[in-house]
Amino acid sequence: MGMKKDYEDIPGTFVFDADRSREGYHLNQFCISLGKQVNRDAFKAGEEAYLDKFPMKPEQRQAVLDRDWNRLLELGGNIYYTSKLAAFDGINFQNLAGLMTGMGVEAYREMMVKGGRPIEGNRYKSEWGEEE
Amino acid sequence: MARITAGVGCSHVPAIGVAMDTHITDQPYWQPVFKGFEKSREWMKENKPDVIFLVYNDHCTAFDASCIPTFALGCAAEFKPADEGWGPRPVPVVKNHQKLASHIAQSLILDEFDLTIMNEMEVDHGLTVPLSVMFGEIGPDEEWPCLVIPLAVNVVQYPAPTGNRCYNLGKAVRKAIESFDEDLNVMVFGTGGMSHQLQYKRAGLINREWDTRFLDLLTEDPVFASQIPHVEYLREAGSEGVEMVMWHVMRGALNDEVKEVHRHYHVPASNTAVGHIILENV
């Protein structure tokens, strides 16, 4: 058994620790490869063929093809990596957050302009009616 | 002798760089962000550093998941702005004070901080956005007004170094700089933050009250601030708010007593609370 994780009770959040890093390694390495133009060109030319270079799990590969942003995080992706795939699609950080929160781009932007998501009611999973 | 005169804390939101690079800083959305840096730019002109020791985090640009150094010191002659997925920022190449950087590396390692030494490195918005907000628009064919020594800190994969470790590293950085035999005005920048969460269903979290307390503590009770545990940053300031541990390196490099000469706080820039503070050694 590893160490007890004191951050697992934070709602709506994945802390990118070693366990997640291990699980998401090839997915994240694929995403970060899109930081280079030559790779963006190759991915654009054929997503399936380009993805063959990265030995990720079938469900991770499917989440990439589906652009299922939350699923990517659930499967070990990290936002600094998955944001490169979003950037490839022309989606910036703020609009990506709009998609991940399920609020939509406009409502999310409006929330941020009004001061962001408040901390009250958002500290613990129990406040979201979720189990720890 | 080289001396540390001041510290700067500053967010490094990529969208701030994009706003400057696309010349939209006068738009109503951005104007309040940049208004708070007007005084800072004047202050930089008056206090003209020779070297900035700039603590930042790389966003999987120089270091992807294959290699994750906790502390990596830039010792190369220069650092090119990286392509982060949308082309490199149109800003100058960052030039190092190579002799001071290697002196700091040696001093820190003998002080038992086991650094990674980078003799080739590209730098991303984490490093160039703070320079841009503090110096203003400078084109790619011009030069930054001073030399920069980058220290990249891992805050992407948990755990980042503790606040305590960062604070003590700042003290060791000061010892290293003050033992360098050249008359240099050195400033230390701590960057990142403030409260923000970029990911998943809690994205958009902002905690103004917590950020304000952090800034107060940083000035008045830095040792107490350095003891804040990771889980408090993650819970109270958002999963990416843990970047603020880097501000403790800056604070550790300053005197125990400092003068806060400027503070700026604004929500939002994209997903993030923008925080900024200038502390002078007195």
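How many residues does the contact take from chain A, and how many from chain B?

View 1. The contact takes 43 residues from chain A, while chain B gives 34 residues to it. On the side of chain A that touches chain B, the elements that give two or more residues are helix H1 (18-33), helix H5 (69-74), helix H6 (79-88), helix H7 (93-100) and helix H8 (105-113) of chain A. Of these, H6(A) gives the most, with six residues.

**View 2. Chain B as a whole.** Chain B of the predicted model has ten helices and eleven strands. Its radius of gyration is 17 Å, which is close to the 19 Å that the globule rule gives for 282 residues, and chain B is therefore as compact as a globular protein of that length. Taken along the principal axes, the box filled by the C-alpha atoms of chain B is roughly 45 × 45 × 40 Å.

**View 3. The crossing of helices H4 and H6 in chain B.** The axes of helix H4 (residues 98-110) and helix H6 (residues 163-178) of chain B come within 9 Å, and they cross at roughly 130 degrees. The two helices, H4(B) and H6(B), are therefore oblique to each other, and their crossing is right-handed. From H4(B), the contact is made by B:His103, B:Ile104, B:Ser107 and B:Leu108, whereas H6(B) brings B:Ala172, B:Val173, B:Lys175, B:Ala176 and B:Ile177. Considered by class, this contact of H4(B) with H6(B) has six nonpolar residues, two polar residues and one charged residue.

**View 4. An open sheet of three strands in chain B.** The strands of this sheet follow the order E5-E4-E7 (chain B), and their pairing is mixed. Strand E5 (94-95) and strand E7 (122-123) of chain B stand at the edges, and because each has a single partner strand, one side of each is left without a neighbour in the sheet. In general, strands of a sheet pair through backbone hydrogen bonds, in either a parallel or an antiparallel arrangement. Strand E4 (residues 78-81) of chain B pairs with E5(B) in the antiparallel sense, over two bridges. A residue to look for in this view is B:Phe79, which stands opposite B:Val94 in E5(B).

Technical notes:
Residues numbered from 1 in each chain as written. Chains lettered and ligands numbered in written order. Predicted model: local features only at pLDDT ≥ 70, side-chain atom pairs only at ≥ 80, totals over all residues. Axes fitted to C-alpha atoms, helices over the stretch in contact; angles between N-to-C directions. Helix = DSSP H or I, 4+ residues; strand = E, 2+ residues; numbered from the N terminus. Parallel < 35°, antiparallel > 145°, perpendicular 65-115°, else oblique. Left-handed = near helix turned anticlockwise from the far one by under 90°. Contact = placed C-beta atoms within 7 Å. Nonpolar A, V, L, I, M, F, W, Y, C, P; charged D, E, K, R; others polar. Pairing = 2+ DSSP bridges. Rg over C-alpha atoms; globule rule 2.2 N^0.38 Å.
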